[in-house]
Amino acid sequence: MSLVIAFIGAQGAVMAGDMREIITRGDKVSTETLEQELYSGQIVTDDALKKRAEALGISLIIRDDKRKVTVRDGILVGEVSETEGNVSKKRRLYATGGEYAIAEITDADLRLTTKGKASNFVVLGNEVTKQIAHACIQENWKNGGVRDAIRILILSLERASGATASVSSLYTLIQTPQKGSLLAILEQDSRQ
């Protein structure tokens, strides 16, 4: 799990997500230990992550090419995921001008958990990345426009990548001025 952050405005939305993917192989207890240390912010650098994984006997692959944010039919879609054993869990954020929705996906089951309206920042990630993003929002948001929101999204990703190895320094940033149909895309995704 890493960081996806969005601003939903009345006239459009903007979303950003890092590109880090971490794949682990090892026993359950060691993997849970590594994930807890990583997602709580105890492991800051890639080198520290590799050394800690080695010490725990875990095989580790770190990639910075996973695109976590996309646009579909005027809807921005961002996703964070985690795998525990054979169970894949995802949290997906859908954003468009004026509204957003969050769904949880376990295997093939999509369940809508949250809906909201414009003038909101929404953050998906682990505890440390969410804390960093919320601090950036509180420190810098002065009820500005989309440009100000974009600056906050970028600042959040840059700070998070410097504070935890769970976030890459590479990220994707997308924007839509459209008001797409959240209902249509949610129905489409629930059938897949």
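Two strands count as paired if DSSP finds at least two bridges between them, and strands (E, at least two residues), like helices (H or I, at least four), are DSSP runs numbered from the N terminus.

I noted before starting that this is a predicted model, in which local features need pLDDT of at least 70, side-chain atom pairs count only at pLDDT 80 or more, and totals for chains, interfaces and linings use all residues. Residues are numbered from 1 along each chain as its sequence is written, and side-chain values use heavy atoms, with hydrogens and water left out.

Entry on the strands. I looked up strand 1 (residues 3-9) and found that it pairs with strand 10 in the antiparallel sense over six bridges, with Ile-5 standing opposite Val-123 of strand 10. For strand 10 (residues 120-125) I noted that five of its six residues are buried, where buried means under 20% relative accessible area, exposed over 50% and partly exposed in between (1.4 Å probe, protein chains only).

Entry on Ser-166. I located Ser-166 in the loop between helix 4 (146-163) and strand 11 (171-176), and I recorded it as buried because its relative accessibility is 2%. Its side chain makes a polar contact of 3.1 Å with the side chain of Asn-126, and another of 3.1 Å with that of Thr-164; such a contact is a pair of N or O atoms within 3.5 Å, and within protein one must be able to donate a hydrogen and the other to accept it, while residues adjacent in sequence count only if both atoms are side-chain atoms.

Entry on helix 2. I listed Leu-49, Ala-53 and Leu-56 as buried in helix 2 (residues 46-56), whereas Asp-47, Lys-51, Glu-54 and Ala-55 are exposed on the face turned away from the buried side.
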